[in-house]
Amino acid sequence: MLSPNDKKNTVLITGANRGLGLELTRQYLVKGWSVIAVGRQSSTALEDLKKSSALEVHCLDLRDDHALSELAGELRDQTIDVLINNAGTMGRTSFAEHGLEAGKFGSFNRDEWHEVFDINVCTPMRLAELLVEQVAASGNGRLVTISSMVGSMALNNLGSMYAYRASKAAVNSIMKSMAINLAPRGIIAVAIHPGFVRTEMSGPMAEIEPEESVAGMIRVIDGLKVEQAGMVIAWNGETLPW
Ligand SMILES: NC(=O)c1ccc[n+]([C@@H]2O[C@H](COP(=O)([O-])OP(=O)(O)OC[C@H]3O[C@@H](n4cnc5c(N)ncnc54)[C@H](OP(=O)(O)O)[C@@H]3O)[C@@H](O)[C@H]2O)c1
């Protein structure tokens with residue numbers, strides 16, 4: 001629902017060209033927010049949304065620190081109410097195509113691990129450092145990383161997906177530390193599990209559509225309380241165990 005205050009708000013979303021990032025972009029635009037969409041490429045669907053003047057698209061390699069610094073410079077005077085680190089990868093094998101064979105024991109590849117940690121862990125860390133002033137300027141800033149329940153030790157009953165699981169556990173740890181370090185700046189940092197969603201990553205066998213996942217995640221973000229800082233929260237509002 002559109003509230004008068006929503007109109008002034010701005011969200012930055014990474015990996016906005018497809019999947020959950022695209023749906024986040026669409027639903028924030030419907031809410032009347034300004035959206036800064038960031039990714040290594042655009043898409044027809046994202047370009048269609050660009051007919052809305054509230055959307056700006058920045059194409060850059062999210063693993064390129066120089067490009068990230070340039071982006072932060074371009075956004076120097078921009079207030080960012082919500083920063084959503086959404087871009088993510090499972091590496092060279094996805095759950096959609098390989099199920100639990102994805103990233104299984106015995107398939108270690110050092111370059112692949114670097115790639116997975118680069119995008120899933122290092123980019124959220126670096127972007128937060130580069131954009132912290134813009135988020136703090138909100139006075140009500142939210143720093144969100146789309147993580148996964150597979151990062152939870154307590155919920156790991158299946159193994160496999162080694163690099164992906166490890167990267168999501170690592171980024172949960174980062175969000176916990178940022179929740180502590182950035183609380184004095186009025187920023188709430190959290191990790192959010194989007195559910196098992198029908199995107200290219202999880203495939204058509206997944207449980208929910210991006211529309212439902214994103215509507216839930218936006219509700220969670222809208223309702224975030226200081227006590228939830230540092231937690232891993234699911235799209236339906238449930239707090240997940242470490
Ligand atoms: N779908 C699920 O069931 C599920 C469950 C738990 C968590 N998640 C998390 O949700 C987030 C979004 O996933 P999704 O389901 O929407 O997956 P998706 O459809 O595969 O989209 C992934 C997005 O991340 C971007 N990305 C991947 N590798 C990148 C790289 N090296 N540099 C820049 N951008 C890169 C992709 O951009 P390109 O088009 O340029 O590749 C794309 O925009 C991810 O963090 C994922 O781990 C998803």
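Helices (H or I, at least four residues) and strands (E, at least two) are DSSP runs, numbered from the N terminus. This is a predicted model: local features need pLDDT of at least 70, side-chain atom pairs count only at pLDDT 80 or more, and totals for chains, interfaces and linings use all residues. Residues are numbered from 1 along each chain as its sequence is written, and side-chain values use heavy atoms, without hydrogens and water.

**Strand S4**
- Asn 85 lies in strand S4 (residues 82–85).
- Asn 85 has 3% relative accessibility and so counts as buried (under 20% relative accessible area, 1.4 Å probe, protein chains only).
- Beyond its neighbours within four places in sequence, Asn 85 is in contact (heavy atoms within 4.5 Å) with residues including Thr 14, Thr 123 and Val 144.

**Nonpolar cores**
- A nonpolar core is a set of buried Ala, Val, Leu, Ile, Met, Phe, Trp, Tyr and Cys residues joined through side-chain atoms within 4.5 Å.
- The largest has 65 residues, and Tyr 28, Ile 84 and Leu 143 have the most contacts inside it.
- Helix H5 (residues 110–136) gives the largest share of this core, nine residues.
- A second, separate core of five residues includes Ala 102, Val 150, Met 161 and Tyr 164.

**Ligand**
- The ligand is surrounded by 27 residues (a heavy atom within 4 Å).
- The closest are Asn 17, Arg 18, Tyr 164, Thr 199 and Ser 202.
- A polar backbone atom of Leu 20 is 2.8 Å from a ligand oxygen atom.
- A polar side-chain atom of Lys 168 lies 3.0 Å from an oxygen atom of the ligand.

Methods:
Buried means under 20% relative accessible area, exposed over 50%, partly exposed in between (1.4 Å probe, protein chains only). A polar contact is a pair of N or O atoms within 3.5 Å; within protein, one must be able to donate a hydrogen and the other to accept it, and residues adjacent in sequence count only if both atoms are side-chain atoms.
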